[in-house]
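Subject: Structure handover and notes

Hello,

Here is the structure for your files. Please open it alongside the notes below.

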Amino acid sequence: MKKIISLAEAGRLITDSSSIMVGGFLRCGTPARLIDEILKNTAGNLTLIANDTCVPEHDRGKLIVNKRVKKVIAAHIGTNPETGKQFNAGELEVELVPMGTLVERIRAGGAGLGGVLTPTGIGTTVAENKKVVEIDGRKFLFEKPLKADFALIYGTKADKFGNVFLSGTTRNFNTVMATAAETVIVEPEELCDEPLHPDEITIPGIFVDYVAV
Amino acid sequence: MELTKEQCREIIAKRVAKEFNEGDVITLGIGLPTEVANYIPHNLHVIFQSENGLLGVGHRDLSADGSSKVTNAGGIAVTTKPGAAFFDSLTSFTMIRGGHVDATVLGALQVDEQGNLANWIIPGKFVPGMGGAMDLVVGAKRVIIAMEHTNKGEPRIVKRCTLPLTAAGEVDLIVTERAVIEVTSQGLLLKEINPLFSLDEVIASTGAHLIVPDSLQNLVA
């Protein structure tokens, strides 16, 4: 059985200078209540790893607005003007990573791989200071694995074994991030009394440490 | 000839919509490229892939609120078509990077004679990030750029991109309100011209050399 904790307890687990992966694509499939709990505490200097920094008014976007983040690793920051503003002012470090590379780096981190070789970014500034490997005449960029202290995961449904079902397009980065962090916290919309049917499990409970409700 | 922004976008989206084949899987970028979906001929069956994890994107779902569990890559709630599938970002980029997507339509800040594309950053000014664009241009079988011919009179089609690249040598076709231009190994081949503009106007508003064939066609939106 996984540890079922309150959202408030989960929020307190995130301490200063933690690195956090947060699932979600804009507002879809993101653990919004967990973010609100982090904001109730004082944790700052966070490294935020996410697809995007959402919008200023919602979930991980609020972490940026409230200046809790010192570094962002993301594919897109354009929907949250505050991210660009803090970056241009030198207050926030931003590492922009192609979306397909970001997801594969996280996968490598979670799957025990030493990195990824991708054609994406060859001939661009993304390739600066990175190893280029030629395989069968085609150039690939070596990209390092990515891990984090915490992964904050959205779930449509979860059970007490930590199994998670994700509906619609809420899967996005949640599935892969759940594999790549030291401590994985799921915020389900619904915690089911009965175990989920094995057929409907998107994230197997082995990856999950806490279910926060 | 002065066209409004809306007129330009409509001409471009309508013309791009004629570029596809039956059964094509297409990933559209945000903004103007998204409008292409509105003009696909009714007898043509194509499948729209959305990089956030949906194959078989339908229409905007006007009944949904901000908490919809089915959205497109712009975060807008959408319906699904029969045969649609949901998947995570890993699978989405396996489709995109792995060459399983037939065509992508993206906007651009600059495109040059060698098919280099810049569309993700203006250093110090505009830093949205590349999102999935770098993977899309590398992985899609065909890369179509849909953009207004100039940025307030400043050519977007240039000899060499001066902005940081999204990818090198991946663009296949450029569609603007003024012209349809193919990127070839010899350079930029002018295929079609909008009869609202003269050839001289098109050449003057292009910052790169255009190869003008004898068989220049009219751009029909």
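What follows is a short account of what was found, taken by region.

First, the conventions. This is a predicted model, in which local features need pLDDT of at least 70 and side-chain atom pairs count only at pLDDT 80 or more, while totals for chains, interfaces and linings use all residues. Residues are numbered from 1 along each chain as its sequence is written, chains are lettered from A and ligands numbered from 1 in the order in which they are written, and side-chain values use heavy atoms, with hydrogens and water left out.

Helices (H or I, at least four residues) and strands (E, at least two) are DSSP runs, numbered from the N terminus.

**Contact between the chains**

Helix α5 of chain A (residues 99-111) packs against helix α3 of chain B (residues 89-97) at an angle of about 130°, and their axes are 9 Å apart. (Axes are lines fitted to C-alpha atoms, for helices over the stretch in contact, and angles run from 0 to 180 degrees between N-to-C directions.) That angle makes α5(A) oblique to α3(B); angles under 35 degrees count as roughly parallel, over 145 as roughly antiparallel, 65 to 115 as roughly perpendicular and the rest as oblique. The crossing of α5(A) and α3(B) is left-handed, a term used if the near helix is turned anticlockwise from the far one by less than a right angle, with clockwise being right-handed. From α5(A), the contact (heavy atoms within 4.5 Å) is made by Met99(A), Gly100(A), Thr101(A), Val103(A), Glu104(A) and Arg107(A). From α3(B), it is made by Ser89(B), Leu90(B), Phe93(B), Thr94(B) and Arg97(B).

Of the 9 residues of α3(B), 7 are buried, so this helix is largely enclosed by the rest of the structure. Buried means under 20% relative accessible area, exposed over 50%, and partly exposed in between (1.4 Å probe, protein chains only). The buried residues of α3(B) include Ser92(B), Met95(B) and Ile96(B). The buried residues of α3(B) pack against α5, β6 and α6 (174-177) of chain A, and against β2 (47-50) and α4 (133-139) of chain B. After α3(B) comes Gly99(B), with a positive phi near 80°.

**Chain A**

α5(A) also lies across β6 and β8 of chain A, running at about 160° to β6(A). These strands belong to an open sheet of 3 strands in the order β6-β8-β7, with antiparallel pairing. Two strands pair if DSSP finds at least two bridges between them. The edge strands are β6 (116-118) and β7 (132-135) of chain A, each pairing on one side only. On average, neighbouring strands of this sheet are turned by 40° against each other, direction ignored. β6(A) and β8(A) (residues 138-143) pair over 3 bridges, and the bridge partner of Val116(A) in β8(A) is Glu143(A).

Elsewhere in chain A, helix α4 (residues 81-88) has Glu82(A), Thr83(A), Gly84(A) and Gln86(A) as its buried residues. Their cover includes α3 (59-65) and β5 (93-96) of chain A. Just after α4(A), Gly90(A) takes a positive phi of about 75°.

Ala181(A) lies in strand β11 (residues 181-191) of chain A and counts as buried at 14% relative accessibility. Not counting residues up to four places away in sequence, Ala181(A) touches Ala148(A), Asp149(A), Phe150(A) and Ala151(A).

**Chain B**

In strand β14 of chain B (residues 187-193), 5 of the 7 residues are buried, so the strand is largely enclosed by the rest of the structure. β14(B) pairs in the antiparallel sense with strand β13 (residues 179-184) of chain B over 6 bridges, and the two form a hairpin with 2 residues between them. Within this pair, Ala179(B) stands opposite Ile193(B).

β14(B) also pairs in the parallel sense with strand β15 (residues 210-211) of chain B over 2 bridges, where Leu188(B) stands opposite Leu210(B). A further parallel pairing over 2 bridges joins β14(B) to strand β16 (residues 217-218) of chain B; here Glu192(B) has Gln217(B) as its bridge partner.

Thr27(B), in strand β1 (residues 25-28) of chain B, counts as buried at 2% relative accessibility. Among the residues that Thr27(B) touches are Gln49(B), Val101(B) and Leu136(B).

Regards
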